[in-house]
Amino acid sequence: MGGVLMQHNMPECLNRFRHLLGEEQMNRLLGLGTNGEGTSNSLMQQFECGLISPDAFISTLLHHSRPGTTAQDVTAAWNSMHDGIPNNRLATLHHWHDLGYRLFLLSNNNALHWHDICSHYDVSVFEHCFLSHIMHLSKPDVHIYTLVEDYLTAHHCQKPYYFVDDIEDNRLPAQTLGWRTYASLTALQQSLANE
């Protein structure tokens, strides 16, 4: 979702959390990388794998925030990481769907972001969404890819599988399974046009 469909606005998110938590606490608790991925064992990584609830996530951040910070402040800062889905990307998905492609979403996501996304966008173009916070696994753990492949096989999806992810480390496990991988929707679009 993030980086492929949804545009990231990490500077805005970092600025908001810097204001709420301070630089040191922000880095220690969230471990945010430049692409929005949480570092290993960070609060964000635990949240994305569904190991802690939204309430526990917010409560932990509130405990370390400056006085007067509210749950709404934390949620707004967290959701500021996403900067919307451009209409042309949604149009591309609907075009592929209309052509008969079966579309699935595999995303390192969390309950707060997913709720925010679903409240602003129609995700019904996806036949099924594989979300890290529900599966308790995240990319690039190869196990999440094998679970997706097992599902696709059981639901009669024909190969080749096309996989788009803007992060190379997330594409590598898919390649080991024989999926065709792309760094952007545009790259996939060009490849399909040449087939």
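Analyst: Below we talk about the pocket, the cavity and a pair of strands. This is a predicted model, where local features need pLDDT of at least 70, side-chain atom pairs count only at pLDDT 80 or more, and totals for chains, interfaces and linings use all residues. Residues are numbered from 1 along each chain as its sequence is written, and side-chain values use heavy atoms, leaving out hydrogens and water.
User: How much space lies in the largest pocket?
Analyst: About 970 Å³. A pocket is an open set of points on a 1 Å grid over the protein atoms alone, with protein on both sides within 12 Å along at least five of seven lines.
User: Which residues lie nearest its centre?
Analyst: Phe 104, Leu 105, Tyr 162, Phe 163 and Val 164, out of 47 lining residues, meaning those with an atom within 4 Å of a point.
User: And which element gives the largest share of that lining?
Analyst: Strand 1, with four residues; strands are DSSP runs of E, at least two residues, and helices are runs of H or I, at least four.
User: What does strand 1 pair with?
Analyst: Strand 1 (residues 104–107) runs parallel to strand 2 (residues 128–131), joined by four bridges; pairing takes at least two DSSP bridges. Leu 105 has Cys 129 as its bridge partner.
User: Switching topic, how big is the largest cavity?
Analyst: About 50 Å³. In a cavity, a 1.4 Å probe fits but cannot get out. Its lining includes Met 1, Tyr 121 and Asp 122, and by class has nine nonpolar, no polar and one charged residues.

Notes
Grid points are joined across faces, edges and corners, and a volume is the space filled by probe spheres set on the points. Ala, Val, Leu, Ile, Met, Phe, Trp, Tyr, Cys and Pro count as nonpolar, Asp, Glu, Lys and Arg as charged, and the others, Gly among them, as polar.
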